[in-house]
Every structure is written in structure tokens, then in C-alpha cells.
Amino acid sequence: MSPAQHSAALRSFEEQWVARAPGTRAPGAREPGAREPDGLTGLRERALRRFLQLGLPTSHDESWRYTSLRSLASQSFTDAPRAAALGFEQALALEHSRALLGDRPLADAEAATLVLVNGYPLLPPASRPAAGLEIRTLSALARENPGLVARHLEPLPDAEELRWLLLNTALGVDGVHIRILGALATPLLILHVGSAERPDTVAYPRVIVEAAPGATATVLEHHIQHGAESPLSNSATLLALERDARIEHYRVFATGERAVHFDTLQVRLDRDAECRQFTVAVGGGLVRASLDARLNEPGASLDSRALLVGHADRHVDCVNVVRHAAARTVSRQTARAIASGTSRVVFNSKVVVDAGASQSDSQQSFRGLLLSPSAEIDSRPQLEIHTDEVKCAHGATTGRLDPNMLFYMLSRGLDRQTAQSLLVYAFLADVLTGMGQSAARSAIEGELIRQLPDSQKLQEFR
Amino acid sequence: MLLNISDLSARVAGKEILKGVNLEVNAGEVHAIMGPNGSGKSTLAQVLAGREDYEVTGGSVSFEGADLLAMPPEERARAGLFLGFQYPVEIPGVNNVYLLKAALNAKRKAAGEPEVDAYDFLSLVKQKMKLMQMSETFLTRGVNEGFSGGEKKRNEVLQMLILEPKLAILDETDSGLDIDALKVVAMGVNSLRDPKRAVVLVTHYQRLLDYITPDQVHVLSDGRILKSGDRSLALELERRGYDWVRESRVA
């Protein structure tokens with residue numbers, strides 16, 4: 001790809017930067033992209049510079065080999081509208097959230113639901129949030145306590161696969177900061193709504209979740225689309241778990257078939273903190289889901305499970321980097337991918353064990369299932385070990401449905417479609433059954449079943 | 001006639017395995033097909049069940065007068081043919097009881113009957129499991145997942161008892177069973193004996209026939225049925241070995 005092809009998209013990002021400069025708009029301006037002055041301009045400028053230096057990813061970049069941004073590079077992007085302009089209302093959000101959270105009383109669902117439309121909080125964070133939570137908008141926090149926000153944005157990533165995070169840091173206008181103080185009784189739902197009248201718009205949702213020492217919670221991030229078009233979504237979430245905190249986190253991509261989504265999830269784990277993480281791609285046209293996890297202190301553990309569903313001509317690209325930076329840290333990565341139609345699923349995972357991270361234990365397991373001759377699945381597990389005395393295992397296989405299993409089921413009278421769907425469903429069960437949040441699991445299963453070929457009959461097996 | 005196999009030949013991976021098999025099975029009968037390893041016994045069983053990578057190269061098979069070979073495997077099953085696998089397949093993630101229920105409902109639907117009532121189904125399954133001396137924990141496990149050899153074979157017979165096929169072909173269902181398990185499996189098979197049904201036992205040893213008395217015994221060797229007889233043929237085979245049949249044929 002030549003730099004000339006980059007220029008349209010890159011130029012438009014630079015223009016957004018100029019429009020955000022303090023003083024170009026009156027304080028309190030509500031246009032998308034307007035930012036009130038805060039103490040983070042220097043940091044953002046460094047992020048922008050680094051992003052521009054790296055440029056848009058091309059197929060020459062190792063972690064972008066299978067995902068082409070050629071057509072995206074030639075577009076110009078403007079800021080996606082703020083919530084108020086879009087007709088997406090809290091009532092609509094609550095319908096979604098009640099489905100995802102199970103049959104909870106409305107007040108519970110309301111207290112535990114945060115809605116971000118194109119990255120902007122729909123309403124001020126709930127006046128009476130669920131007990132054990134502190135929620136602020138990022139724009140307000142950046143003005144009042146820029147040091148706190150900066151602490152989470154720094155250090156800027158230098159890995160090439162995280163460059164969209166740099167752009168989010170540079171151009172993000174708002175988002176939420178959540179501090180979890182204790183044991184949350186109700187799961188916290190962050191509903192990300194992408195909505196635009198035109199596709200050549202861009203949104204930069206940002207979520208920062210801090211879990212105080214010993215806090216426990218389930219956090220769901222659900223990405224949906226309202227209306228026919230969705231902006232390019234360049235979202236980023238940080239989960240910072242202090243010692244002994246335990247978080248179960250879901251990110252579910254369920255946007256429309258043309259939506260483009262770059263999402264970066266950073267996980268930072270202190271001593272004995274535990275994060276169980278589910279990444280589910282059941283929507284979108286192009287979804288790039290990055291995980292950047294650091295096990296910073298002894299005893300930290302991460303269990304990451306991905307369910308990547310290639311459907312029609314969807315392109316799903318999942319890239320995980322897990323760094324063991326301390327002794328006795330444990331990581332598990334499980335990914336199951338299916339690809340039908342002309343879809344493509346890419347899974348890259350890398351485990352890095354730093355010097356000094358002795359007695360670390362990591363496992364990577366990837367399995368892909370091809371359901372059509374025109375679909376494609378690529379995977380690459382990698383290991384980079386800088387110390388002795390570690391246990392690291394990885395395995396990756398991709399194949400088609402096992403003809404012996406299929407014949408066995410046919411020989412019992414099941415029709416071919418049901419048998420195939422049941423096998424596909426069983427293939428994904430490793431990830432699904434680990435989900436502790438049953439209403440979310442059930443919603444995800446429903447979406448899956450809708451997308452598996454000829455799978456209506458599976459409803460009765462749920 | 002329930003099953004009529006006429007001059008059936010078939011190829012597996014380009015190799016001719018069945019070379020003109022003839023066999024007639026009437027309702028109410030139990031047949032045993034015996035033969036040395038590699039004689040084509042399992043191939044015959046799999047071809048009858050409709051395994052697609054086994055290529056039929058000649059002959060015909062009729063099942064209740066219909067052309068069995070023209071039917072896909074699922075239709076054969078719904079028409080009342082059941083294959084008990086020599087090596088039952090493990091299907092992790094697919095619940096054993098789901099498969100049973102889906103299989104039964106597929107058969108009922110083909111017969112124009114309504115789906116089985118959930119409560120009736122469960123009590124039926126529990127009753128049959130008791131007969132097969134299987135723990136109810138097998139219900140919720142993945143199909144054959146982590147089952148021992150004997151447990152898998154019992155599970156095959158359990159499926160057969162639930163589906164009540166017109167023709168059950170049991171492919172070495174006795175292999176790998178200890179004597180107690182063998183008796184349980186035989187009891188299961190015997191409980192299905194009925195003037196309207198037939199059973200074809202494919203076996204290497206005559207041991208199973210001590211517990212399930214066959215009406216006819218056939219010796220399959222090198223892709224053909226070389227000899228047929230009654231129960232005494234199995235005993236003679238055990239005494240004299242398969243070479244005896246092959247030699248007497250040559251002589």
C-alpha cells in the first residue's frame with residue numbers, strides 16, 4: 001500500500017486533532033469532537049505523533065498480515081454524532097440490558113447499566129449507581145484529576161499491534177471511569193451503541209475500570225448498532241485489577257454486517273488478582289479485537305476465552321498478547337473459531353514470559369472449524385520465554401466437521417442440518433460453558449444460533 | 001422379507017472388500033455373521049447403514065421392499081434400521097440424552113407421530129437404563145465422552161432399545177466386554193426380540209451366541225458368505241477355526 005493511499009484517512013484524523021485543540025471552540029460546545037481544556041493535551045499529542053509515525057497498518061505489519069485496511073485508508077472520517085442527535089433513548093437501552101442481565105427488576109438494571117452512544121455517555125452516570133460503584137465521565141475526570149486519567153493512559157503502547165489505541169488516546173473525547181469498591185451483586189453492563197447517518201464517521205469509546213483490592217464483579221461490554229449505519233468504532237477498555245480483585249469481563253461484538261470495529265482491551269493484574277475474560281464476535285463486518293494483558297505481580301491469573309464466529313463475509317481478527325511480568329503467574333487462552341460463507345477468522349496469540357517470571361504457567365489452545373469451502377481460518381500461537389522453570393503449552397488445529405461424528409448422528413436419524421449445527425454448537429461449548437453470567441450466555445447463544453447455518457432446531461437443545 | 005441383500009459388492013478406499021454378498025433376513029429372526037478379521041463384516045454393516053465413503057459397486061439391498069441403497073443414512077434410520085457401532089463415536093459437547101431424544105423424535109416425525117412428551121421420554125429412558133445397568137449420570141454426559149469400552153457398548157444397546165428398530169445390526173457389540181457386561185448386553189438384545197423385528201449380530205467369536213440364540217449363522221470370508229447354517233455352525237467354527245471353512249470351500 002502506498003503512502004498516498006493512506007493519506008485520506010490519516011489526513012482526516014489530523015483534522016480531527018486540530019478541531020480538538022483547546023480554544024478552537026467555546027467551552028461547553030456540544031459538537032462532536034469538541035473537547036474542553038484539560039491537562040492531558042501533551043500526552044494526547046505524543047500519542048497522535050506516534051500513531052502518525054506508524055501510519056495505518058498494512059499487510060507488511062506482522063500482526064496485520066491477514067487483515068487489509070486498503071479500502072478504509074482511502075476514506076476520510078469525521079466525528080460520529082453525539083447521543084442527543086440520534087434518537088437512541090435510555091428506554092431502548094434498558095430493553096437490551098434487561099435481556100442481557102436476566103430478569104432483574106428495572107431499577108436494578110437501570111442502576112447497573114451505562115450507555116455510551118458513539119463513546120459519549122447517554123445520560124450522566126446514574127445518580128444512584130449500584131452499591132459499590134463509583135462512576136465518572138472521563139471528560140469530567142480529565143478536567144478535575146488529569147493525573148489519575150494519565151496514570152491509566154500511560155505508558156503509551158509501543159507495540160505496532162496497539163496503534164489504534166494510540167489514536168483513541170489522541171482523539172477520544174469522552175467515556176467512563178468506573179471504580180469498583182467491593183463485591184458487586186449485579187453485573188455491570190456497558191452498552192456501547194454505534195449509530196450514525198453515514199458510515200464515514202468515527203467514534204472513540206473509552207472505558208476504564210478499576211477494581212479496588214478484593215473487589216469482585218462481572219462487567220459486560222456489549223457493542224450494538226442502532227440504525228442502518230455504524231461509525232468506524234475505535235474503542236478501548238482498560239481493566240486494572242488491584243490485589244485480590246476478581247473480575248469476569250465480557251466483550252461482545254454484535255453490530256451490523258457492515259460495521260468496522262477496532263477494539264483494544266488492556267488488562268493489568270496486580271498480586272493475586274484474577275481476570276476471566278470472554279471475547280465474543282457474533283456481529284460486525286470487520287472486527288479486530290486486541291487483548292493486551294500484563295500479569296504484573298506474583299499470583300495474578302488470566303483466563304481468556306474467545307468465541308469467534310465468521311458468518312457471511314465477516315472478517316474477524318483477534319490478537320492476544322499476554323505478558324507474564326512476575327513469578328507464579330498463570331494464563332489460559334482458549335479460542336474457538338468457526339467460519340462459514342466467505343468469512344475469514346484470524347487468531348494470533350503471543351505469550352511473553354519475562355526474566356524473573358519463574359514458575360509461570362501458560363496455556364494456549366486454539367481450534368478452528370471450517371464450515372464452507374470458501375471460508376478461511378488462520379492461527380498462530382507464539383511463545384517468547386526469557387526465563388527457565390516455566391510451564392508453557394500451546395496447540396492450534398483447524399479442520400472440518402468430523403465425518404465420523406456426523407455419520408454417527410445421521411445413523412441415529414437426525415437430519416443433516418441439525419446434526420451439523422449440533423456439532424458446531426458442541427465445538428463452541430468449551431467457551432460457552434465457562435460463562436458464569438447465565439443471562440449473557442443465553443443471549444450470546446441465541447445470537448450464535450441465529451447465525452449458524454440451518455440451526456433453528458438448536459433452540460430445543462439450549 | 002425384511003432385508004434382502006443380493007450380490008452386494010463394495011469398495012473402501014479403492015479396495016474391493018465385499019465381493020457379492022447374498023443374505024435374506026425375515027422378521028422375527030436373529031442372524032449371526034461370523035468371520036475372520038478383514039473378511040468384510042464391518043464393511044457390510046457400515047454399507048447397510050449408509051456410510052458415504054464406502055462405495056457400493058454392485059448388487060442391491062431391499063429393506064421392506066424399498067431400495068435401501070438409494071436412501072441417505074438418516075432415512076434408513078428413520079425407516080427402522082439401526083447400526084450398533086463397533087467403535088461408538090465420542091461427541092463431546094453433545095448431550096447423550098439430547099441425541100437420544102432428537103433421534104426418537106426424528107423417527108416419530110417420519111412416522112407422522114407427534115414429538116415425545118418430555119416426561120414420558122425421561123421415564124422411558126430411565127427404565128431402559130436400569131435394564132442396561134447404566135447410571136443415570138450418563139444421561140447428561142457428552143455422547144460416549146470418556147465412556148469405557150463396555151459403557152459405550154451399553155450405550156449403543158440403550159439407543160437401540162429406545163428407538164426400537166425393525167432391524168438392528170450390531171457390529172461386534174460383544175468385543176471388549178467382560179462376561180457380566182456381555183450378559184447385560186445380551187439381555188438388552190433379547191428384550192427386543194419380537195416377531196416383527198430382526199437382529200443381525202456381527203461377531204468374531206461365538207461367545208455372544210451362548211446368550212443370544214441365532215436362527216441362522218453365516219460365515220463371511222474374503223467378501224463373500226461362504227457357508228450358512230444353524231447354531232451348530234458357530235460351535236463347529238469355534239472348534240475347527242475359520243480355516244476349516246475356507247479349506248472345505250476350496251476342496
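User: Which residue stands opposite B:I5 in β4(B)?
Analyst: That's B:V61. Heads-up: this is a predicted model, where local features need pLDDT of at least 70 and side-chain atom pairs count only at pLDDT 80 or more, while totals for chains, interfaces and linings use all residues. Residues are numbered from 1 along each chain as its sequence is written, with chains lettered from A and ligands numbered from 1 in the order written.

User: What makes β1 and β4 of chain B a pair?
Analyst: Strands pair if DSSP finds at least two bridges between them. Eight bridges join β1 (residues 3-12) to β4 (residues 54-63) of chain B, so by that cut-off they're a pair. They run antiparallel. Strands here are DSSP E runs of at least two residues, helices H or I runs of at least four, numbered from the N terminus.

User: Why are β2 and β5 of chain B said to stand at the edges?
Analyst: The open sheet runs β2-β1-β4-β5 in chain B, with antiparallel pairing. β2 (15-25) and β5 (66-67) each have a single partner strand, so one side of each has no neighbour in the sheet.

User: Why is β14 of chain A called largely enclosed?
Analyst: Buried means 20 or more other C-beta atoms within 10 Å of a residue's own (exposed is 12 or fewer, partly exposed in between; C-beta atoms are placed from the backbone). Ten of the ten residues of β14 (residues 286-295) of chain A are buried, so the rest of the structure largely encloses this strand. A:L286, A:R288, A:S290, A:D292 and A:R294 point one way, and A:V287, A:A289, A:L291, A:A293 and A:L295 the other.

User: Which strands pair with β14(A)?
Analyst: β12 (residues 260-269) of chain A does, parallel over ten bridges, and A:F262 has A:R288 as its bridge partner. β16 (residues 315-324) of chain A is also parallel to β14(A) over ten bridges, with A:V322 as the partner of A:A293.
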